[in-house]
Amino acid sequence: MKTMKQILLGLCAVLLATACEKDGDKIYLTGLEEAGLMATADQVVLSLETSKQIVLSLAWDNSTLVVSNPTMSAPNILTNTVQVSTSSNFATVVESLEPSTSKAYTGSELNTVAKNLNMVSDAAATMYFRIKSSIANNMEPVYSNVVEVSVTPYLINMGTGFILDKDKADTGVTLASPDWNGIYTGFIGATSWYNFYMQEGDGTVWGNSATDGTFYLSSGEDKWNCWFPESGGCYYTIINTVKKQWSALYIPVLTVSGDLTGDMTFDRPNVKWMLPFSATQTSMTVKISGTGAQYDYSTGDSGGGTSTPVAFAQNGGNITFAESAGNITVTVAKAGDYTLILDLSNPEAWTCTTIEGSVEPDKTPQTLYLPGLNDAVTENNAWLFDQYLSLYDENNLAYAGVAYANSLWGYTLNIEKDNWNDKYTYASGDATAGTLEWAGPTNMPIPTTGTYLFEVSTKALTYQLTALGNEIYYSGLNDNWDFHALQATSQPGVYAGSITIDHASEWGFKFYLFNGNWDQFFGGYEGTLYYKGDGAKDDATLAPGTYTLTVNLPAWTYSITQ
């Protein structure tokens with residue numbers, strides 16, 4: 001049976017102000033009762049296969065609070081907390097404050113509760129559930145009936161951290177925590193300003209704290225993506241979930257000395273360093289070292305970072321990251337041409353080996369040039385490599401940019417300046433959208449003269465052109481996210497207008513190409529535009545006042561001047 005408990009609230013200022021007719025009146029709040037708790041199952045066996053499914057639901061009834069003064073309504077102060085324990089006396093509990101009268105656990109969530117209660121994996125044990133109901137911190141709570149559920153958890157691998165992209169999709173890249181201590185390390189081949197999150201084996205997702213600053217971590221609702229500095233390449237990355245901090249050591253080059261000499265080349269997508277060489281002996285001893293730039297909470301994400309020595313050594317069949325370079329022995333079968341490969345892709349086993357033949361890293365072009373797009377206005381109708389698109393999404397090989405079209409014979413999409421052979425050409429479609437092929441016989445269709453946003457994916461082999469109008473828009477300045485127009489100038493793709501800065505914008509400001517369209521935009525950093533990049537924060541260094549904002553989309557630049 002539920003027990004009615006009557007609690008004297010005393011001289012509650014809010015209640016007395018509206019209800020007391022004379023000093024000394026007392027108002028009582030009644031109705032706090034033990035909740036009735038029910039569960040949808042009494043036995044649950046957890047597994048990776050059911051980690052995203054609802055495996056257990058709880059439901060309970062709420063107390064109806066009543067104020068002794070009939071002219072007043074009861075305050076909304078009732079709180080319900082789900083308590084879970086492995087002991088019937090609830091000596092140790094895992095708690096969660098619940099705003100409603102039910103709670104549903106996915107397999108992963110219930111397994112995390114089991115881990116936090118130190119339950120043994122693959123062994124059934126009893127979980128005890130109850131509801132703690134209270135109306136004030138200094139008042140005794142009441143507890144519901146206890147529900148017992150037999151739960152068999154599975155092992156949570158806390159030795160691996162999974163790198164997620166900015167949309168929280170798995171990238172296949174991992175960091176390692178050999179001691180399962182919440183500190184994850186490894187090498188990542190990152191592009192410029194690469195955005196990411198990290199997920200632990202228990203499902204906890206870590207990102208950059210929105211309140212503490214760059215290189216500080218959060219797993220709460222306030223988090224947003226972490227990001228690497230501007231320089232793309234090799235980063236030794238530490239995610240420390242204990243200190244709630246992370247760091248990135250940028251390595252621009254590694255030098256080989258000893259029996260082999262030379263600077264290694266980084267294969268970013270495969271996280272490997274390579275050095276072609278000619279072997280005159282079957283066994284060689286080398287050292288590998290360099291100088292990196294350390295970025296962390298003390299440096300921020302800009303500037304040159306802190307100069308830091310980088311070195312590797314040998315430990316049995318694997319390679320270690322060391323304070324000073326140690327001897328590394330590599331062998332070949334016979335004299336000839338080989339490639340030395342330092343493979344840093346597996347955070348649990350770095351290796352240094354040789355393979356026969358000369359191997360060059362796969363390099364993703366950072367630009368696509370548009371020769372022929374404006375030949376109607378060039379001297380002698382020359383095809384120039386003066387307009388280009390920039391890579392903004394390496395996973396999808398997606399390029400974008402704004403360019404002026406006034407073409408006589410169409411154009412091509414070339415991957416290297418002044419290289420006429422390596423190019424993408426027309427396969428199907430029309431002047432505004434269609435498909436591409438590699439080095440085909442047909443130029444791209446001629447668009448109507450004007451300025452366009454080009455969006456191209458060489459992975460999907462697609463292209464799309466969107467004509468720009470007489471205005472583009474900025475948003476986010478002064479933390480105002482309305483669309484404010486900038487007017488076209490006489491120069492194609494260049495827009496300008498007057499702006500007023502009241503204060504630094506918290507999230508920066510962006511440039512949107514079409515009114516009300518949040519999908520096609522440029523972010524910025526120190527005067528350089530980035531398609532779908534983070535907001536520009538140049539206003540943080542400017543005094544309040546009126547300025548002229550100029551955006552040059554074809555040149556990928558913007559400026560704020562008085």
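Strands β25 (residues 272-279) and β30 (residues 336-343) run antiparallel and are joined by eight bridges. Helices (H or I, at least four residues) and strands (E, at least two) are DSSP runs here, numbered from the N terminus, and two strands pair if DSSP finds at least two bridges between them.

Residues are numbered from 1 along each chain as its sequence is written, and side-chain values use heavy atoms, with hydrogens and water left out.

Back to the strands. β25 and β30 belong to an open sheet of four strands in the order β24-β25-β30-β31, with antiparallel pairing. The edges are β24 (265-267) and β31 (351-356); each has a single partner strand, so one side of each is left without a neighbour in the sheet. On average, neighbouring strands of this sheet are turned by 35° against each other, direction ignored. For such angles, axes are lines fitted to C-alpha atoms (for helices, over the stretch in contact), and angles run from 0 to 180 degrees between N-to-C directions.

Next, an open sheet of three strands, again with antiparallel pairing, has the order β3-β5-β9. Its edge strands, β3 (37-39) and β9 (102-106), each pair on one side only. Neighbouring strands are turned by 15° against each other on average, direction ignored. Strand β5 (residues 54-60) is joined to β9 by five bridges, and L56 has Y105 as its bridge partner in β9. Helix α2 (residues 107-116) packs on this sheet, touching β5 and β9, and its direction makes about 90° with that of β9. Contact here means heavy atoms within 4.5 Å.

A pocket is found on a 1 Å grid over the protein atoms alone, as an open set of points where a 1.4 Å probe fits, with protein on both sides within 12 Å along at least five of seven lines; lining residues have an atom within 4 Å of a point. Of its 22 lining residues, S108, Q199, G201, D202 and G203 lie nearest the centre. By class, the lining has seven nonpolar, 10 polar and five charged residues. Nonpolar covers Ala, Val, Leu, Ile, Met, Phe, Trp, Tyr, Cys and Pro; Asp, Glu, Lys and Arg count as charged, and the others, Gly among them, as polar.

Further along, β42 (residues 494-501) and β46 (residues 545-552) run antiparallel over eight bridges, with V494 opposite N552. β46 also pairs with β47 (residues 557-561) in the antiparallel sense, over five bridges. In that hairpin, with four residues between the strands, W556 takes a positive phi near 60°.

Finally, confidence: pLDDT, the predictor's confidence in each residue from 0 to 100, averages 89 over the protein. It stays under 50 over residues 1-24. Where pLDDT is low, the predicted coordinates should not be read in detail.

Key
This is a predicted model: local features need pLDDT of at least 70, side-chain atom pairs count only at pLDDT 80 or more; totals for chains, interfaces and linings use all residues.
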